[in-house]
Amino acid sequence: MRAFTYERASTVEAAATAAAQNPDAKFIAGGTNLLDLMKLEIEKPSHLIDVNGISLGSIEKTQDGGLRIGALVRNTDLAADETVRRDYALLSRALVAGASGQLRNKATTAGNLLQRTRCPYFYDPNQPCNKRQPGSGCSAIGGVTRQLGVVGVSDACIATHPSDMAVAMRALDAMVETVKPDGAKRAIPIADFHRLPGDTPHIETALERGEFITGVTLPAPVGGKQIYRKVRDRASYAFALVSVAAVIQPDGSGNVAVGGVAHKPWRVEAAETELPKGARAMASALLADARPTEQNKFKIRLTERTIGAVLSEARG
Ligand SMILES: Cc1cc2nc3c(=O)[nH]c(=O)nc-3n(C[C@H](O)[C@H](O)[C@H](O)COP(=O)(O)OP(=O)(O)OC[C@H]3O[C@@H](n4cnc5c(N)ncnc54)[C@H](O)[C@@H]3O)c2cc1C
Ligand code: SF4
């Protein structure tokens, strides 16, 4: 691990100022992803800003009947929150499908959104990887691709986003609230928060350098049956091959986002008009532009079957 300097910020303003003064700095929250990446020298911040002392650990109702989740709310606490379990059960279910109890106790809402891909070549500094080192090439293309993306991929990168929580937030139309180093605030729809790889797979989100996430807001509860179904190689402690986050209404309409298939939680609102026709119609509209490899084309059928299972469960 490379040497770095360290400070604790106790307010959002102090974190923003520290980020403005240190262009190479990274914020550290639970540290469950960042520290692993620093040990491998994939992340090389010269300065760490520890944000754990900032009071962003609460979950509160908003004036319009929605919910505001502080950036530092731990995944365990968010999953167990009474309001979340009652009104946003999808989110609670997605969270408990992720990682392990110990990791969820440390992992935060903001850190979970910003965790980096699990592409094995990204984690191997001996292999070319456009995401780790722009312009070096993509070892996955032509390599082992079973876990990797099938839709929204590019010739530069076919990685997936690994978060379960983010898939549920995409189905629930969350907004990500931030503060820039100059103090300007903004709210970014989750649909625009994560990027597709294109020619610049190292740029993964809409965040600007030093921009700090303060929280995530959810709109007023949408009701419906809320189901998160994660398919993986092991029954626990594994990332999704495919996951489906769905809110299904009594009339058969609904919101469906899919994880494990793209560089971001994958949702195509126009495809949801196909939902009442069934899983096959929905999946073929959702994955119409898929470009799978020989090794991961099974994800197309798996997505259809997982949506089918979710629809059956919703019908009871
Ligand atoms: C073995 C293992 C298994 C896992 N399995 C799963 C799984 O099945 N599903 C799943 O979804 N996840 C899984 N995870 C990932 C885990 O959920 C993430 O590591 C965790 O959510 C990251 O949160 P954190 O607070 O620890 O982030 P950190 O590691 O502290 O930070 C991650 C990134 O976010 C940035 N950051 C943190 N807070 C802020 C902020 N407020 N504003 C701006 N930037 C910020 C940091 O600078 C860093 O770049 C697994 C992790 C491990 C190690
Ligand atoms: S798929 Fe993306 S993360 Fe994986 S090796 Fe290629 S460029 Fe790197």
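Colleague: At 37% relative accessibility, what does Glu269 count as?
Modeller: This is a predicted model. Buried means under 20% relative accessible area, exposed over 50%, and partly exposed in between (1.4 Å probe, protein chains only). At 37%, Glu269 therefore counts as partly exposed.

Colleague: Which residue does Glu269 form a salt bridge with?
Modeller: Local features need pLDDT of at least 70 and side-chain atom pairs count only at pLDDT 80 or more, while totals for chains, interfaces and linings use all residues; side-chain values use heavy atoms, with hydrogens and water left out. Residues are numbered from 1 along each chain as its sequence is written, with chains lettered from A and ligands numbered from 1 in the order in which they are written. A salt bridge here is a side-chain nitrogen of Lys or Arg within 4 Å of a carboxyl oxygen of Asp or Glu. With its closest N and O atoms 3.8 Å apart, the partner of Glu269 is Arg267.

Colleague: How far apart are the closest N and O atoms of the Arg116 and Glu204 salt bridge, and how many residues apart in sequence are the parts it ties together?
Modeller: The closest atoms are 3.0 Å apart, and both residues are buried. Elements are DSSP runs numbered from the N terminus (helices H or I, at least four residues; strands E, at least two). Arg116 sits in the loop between H7 and H8 and Glu204 in the loop between H9 and S8, so the pair ties together parts whose separation in residues is 88.

Colleague: Which helix holds both Arg301 and Glu304?
Modeller: These two pair up in a salt bridge, closest N and O atoms 3.0 Å apart. Arg301 is partly exposed at 41%, whereas Glu304 is buried at 15%. They lie three residues apart, about one turn of the helix, in H11.

Colleague: Now the ligand: which element gives the largest share of the shell around ligand 1?
Modeller: 31 residues surround ligand 1, Phe27 and Asp164 being among the closest; a residue is near if one of its heavy atoms lies within 4 Å. S2, H2, H7 and S8 each supply at least two residues of that shell. The largest share, four residues, comes from H7.

Colleague: How far is an oxygen atom of ligand 1 from an N or O atom in the side chain of Thr108?
Modeller: A polar side-chain atom of Gln115 lies 3.3 Å from a nitrogen atom of the ligand. A ligand oxygen is 3.0 Å from a polar backbone atom of Ala99. For the Thr108 side chain, the distance to a ligand oxygen is 2.6 Å.

Technical notes. Polar contact = N/O pair within 3.5 Å; in protein donor to acceptor, adjacent residues only side chain to side chain.
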